[in-house]
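Visitor: I would like to learn how to read strands and salt bridges in a model. Can you take me through an example?

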Amino acid sequence: MTQGGDADASMYTLPQLREAVAEALLPNERVRGLLLFDQLEESLELTPLVKSFEKNLSTVTPGRYGLSQLLLTLEVASVVVREMNLAETSVATLLLFPAYNSGSITKQEIATISPRGTEVLLGQLFSTHQLFKEKGVAKPEEVRELLVSSAGDVRVLLLMIATRLFLLRNGKELLTSTEAKAIAREVSAFFTPITHKLGLYAIKGELEDLSLKFDNPSAFSDIKKKLGEKKEQRESYMRRVVRLLEDRFSQAHIRWDYHIKSRTKSIYSIYNKMTKKGTAFDDIFDLAALRIIIDAPQNEEQEACWYFYSLVTDLFEPNPNRLRDWVSVPKKNGYQSLQITVKGPEEKFVEVQIRTTRMDEIAEHGVAAHWRYKGLGGEANIDGSLLHARELLEDNDLDSAQRENDSKYAISNVGCCYVFTPMGKLIKLPQKATVLDFAFAIHSNVGSHAKSGKINGQNVALRTELKNGDTVQIITDRNQVPSKDWLNIVTSTSAKNKIKRYLREEKEGTFAEIREQIERRLRNRKIPYNERAIIQTFNRLGYRNYISFYTAIAEGKCDVARFLELYEAEVTTPQLDPQHTSLKEKAKTTRAEETPDVKDRSVIVGENFKNIYYELAKCCSPQYGDAIFAYPSRFGIRIHRYDCPNAKDIFENNRSRVLPAYWANLEGESQSNLYVEALDEPETTGRIVSLCKNSFGVKLLSYNIKASVTKVEAEFTLEGDQQAINALRNKLLATKGVISVSRA
């Protein structure tokens, strides 16, 4: 039924349309063309397509490949209807594509002369077709995602696949060797993997063989010849093996129904194995293979599979190196099967797969799971988009109206946007990406100096969203730099990180200038620089660390002159009377009195800066109990180990800035726990225990060792001074097989 009820009535009845089609075909095409027309009439309701046919007949388009455009359309329509189970909307799209491509029909006109949804599908096919032609130098996996993302409807992909399938089937008659090779390589790189995902197994196998036939004709002919030479012999042999198996099964007490299928490996699969694994043709075990399918309930599946395995291996000698047990431990994609290679009659090898009906259903119908396990992984973006397509294509009980329910064919959002540089390079971005995202994807410098852009030649702002297929150019200005507002423009994580890094580096530069300003003004006043006094002074002003202090100065919230006055008073204040208890001793007493039963693992810096903000340096990752020192950087205190890789440089060049540091509540401890992770090897475990028992100055009080899958985890309770404990820890770290040692 057409959408446009007010459209002019058709000038043809169906019989008249048939005559018009015959008249439009070339004389040598009429028999074939009318046969295809009659087949379409048997499969579809052609009445809604009459006006689409009329438009096709009235559109003057040059033929290709030695065929008229009409016959080419009928041939492809036959593939999509008879082999892909599509219906009127898809056929109308094929009929109207020449007119749409030449610009001789509008979307409004399409809506009045074709089944509902044709104008949308036709637009998607056209844009995807154009985008695919402009794919540039993109990688195959990127182009496949581009096809899925831009199509928006799985029928777009099917129409493109059907066209190439027809051309390769008739390549010898229709194509030059150069054209055939180009299409074969295109199909192999971009479209065959999509048929895997769609579950179009017959089409997939045929496309693979046809691609090999035209891309490497000598290899194809050689394998075909070798298969043909022994076809009857191979089939006779397989019938003999099946009879022997059935005789053996009939003697057993089998409580499940079963059936046996045999197959011959495809030419492409044989070629793939020969080239990728270096296997000679005569050494390929699974040229002929059998599959035993068992009708067993799910709770009896493993029992059934292994029972049949025992029957097969009782009859034929198995090759244990060729056993693949994916029944007990299924593949991640859900694939399950027992796969064995046995030596059959005449010492010939036969591959046997044993699985249940449910397992076979998953392997055969689960979004090409079987083929992905064979080695076609890494396309998760496509998987989710095409999950339902196979069910739709295989449901032959639906009438054409149900089959062409547009919403069922919609591809779910794959979350990507594909655009091109002016040189044709494909760039992949997140959906809703902007011109600024594109600029940073090209290069950090391009993004940092981006001023505006052009999309398809039109000037646009940096915040303009991109669409699939856009060609984007960036206009830069060396005076332009990133701002905080740019974080609200970009959507890609990469662009956000680059902007944040620039802002952070800009901030660090500002902080360095502030520090230099303070040091310069101190030199002018002839006031000595003292890191401890600097920290104490900005703490008195309410700033916890260097970052908050420098930020306040940069934002004008802290007066540098006031800070310098307080600092000068701090460094000129007399020291405490030596007769008084030192701050450090008071701090120790206070710590012991405050939390006698709880370990405080914080760091005390200098004389008693217990609550000062600090960070553990990432270069050496100090752990509780390590010998440590504090080093004030531009942005705060960093705690380093004395054996840190950077310690030598720090002490040689900046010794005056180094502050003493130690772990709170550590001094005076006599008992410690060490937690050790090591490889699960008896020798390693023995060495660890021996070191803990026999280290000088350390007494082993108790230990507990627990083994996991690949390693052991041990906790040792030890008694001794911290210097001895640290020495033991260093010995353990140097022990072969030890992964890590930390204080538990």
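Guide: We take a sheet, then the salt bridges. Keep in mind that this is a predicted model.

Visitor: In what order do the strands of the open sheet of 3 strands lie?

Guide: Start with the general idea. Strands of a sheet pair through backbone hydrogen bonds, either parallel or antiparallel. Here the order is S10-S9-S11, and the pairing is antiparallel. Strands S10 (458-460) and S11 (472-476) stand at the edges with a single partner strand each, so one side of each has no neighbour in the sheet. On average, neighbouring strands are turned by 30 degrees against each other, direction ignored.

Visitor: How many bridges join S9 to S10?

Guide: S9 (residues 450-455) is joined to S10 by 3 bridges. Look at Lys 454: Asn 459 in S10 stands opposite.

Visitor: Which helix packs on the sheet?

Guide: Helix H22 (residues 435-442) does, touching S9, S10 and S11. The direction of H22 makes about 80 degrees with that of S11.

Visitor: Now the charges. How many salt bridges does the structure hold?

Guide: The count is 24. To read one, find a side-chain nitrogen of Lys or Arg within 4 Å of a carboxyl oxygen of Asp or Glu. Lys 226 and Asp 222 qualify, with their closest N and O atoms 3.5 Å apart.

Visitor: What separates Lys 226 and Asp 222 along helix H13?

Guide: They are 4 residues apart in H13 (residues 217-229), so about one helical turn lies between them. Lys 226 is partly exposed, at 30% relative accessible area. Asp 222 is partly exposed too, at 36%.

Visitor: Which residues are linked in a network of salt bridges?

Guide: Lys 261, Arg 291, Arg 355 and Asp 360.

Notes. Residues are numbered from 1 along each chain as its sequence is written. This is a predicted model: local features need pLDDT of at least 70, side-chain atom pairs count only at pLDDT 80 or more; totals for chains, interfaces and linings use all residues. Side-chain values use heavy atoms; hydrogens and water are left out. Two strands pair if DSSP finds at least two bridges between them. Helices (H or I, at least four residues) and strands (E, at least two) are DSSP runs, numbered from the N terminus. Axes are lines fitted to C-alpha atoms, for helices over the stretch in contact, and angles run from 0 to 180 degrees between N-to-C directions. Contact means heavy atoms within 4.5 Å. Buried means under 20% relative accessible area, exposed over 50%, partly exposed in between (1.4 Å probe, protein chains only).
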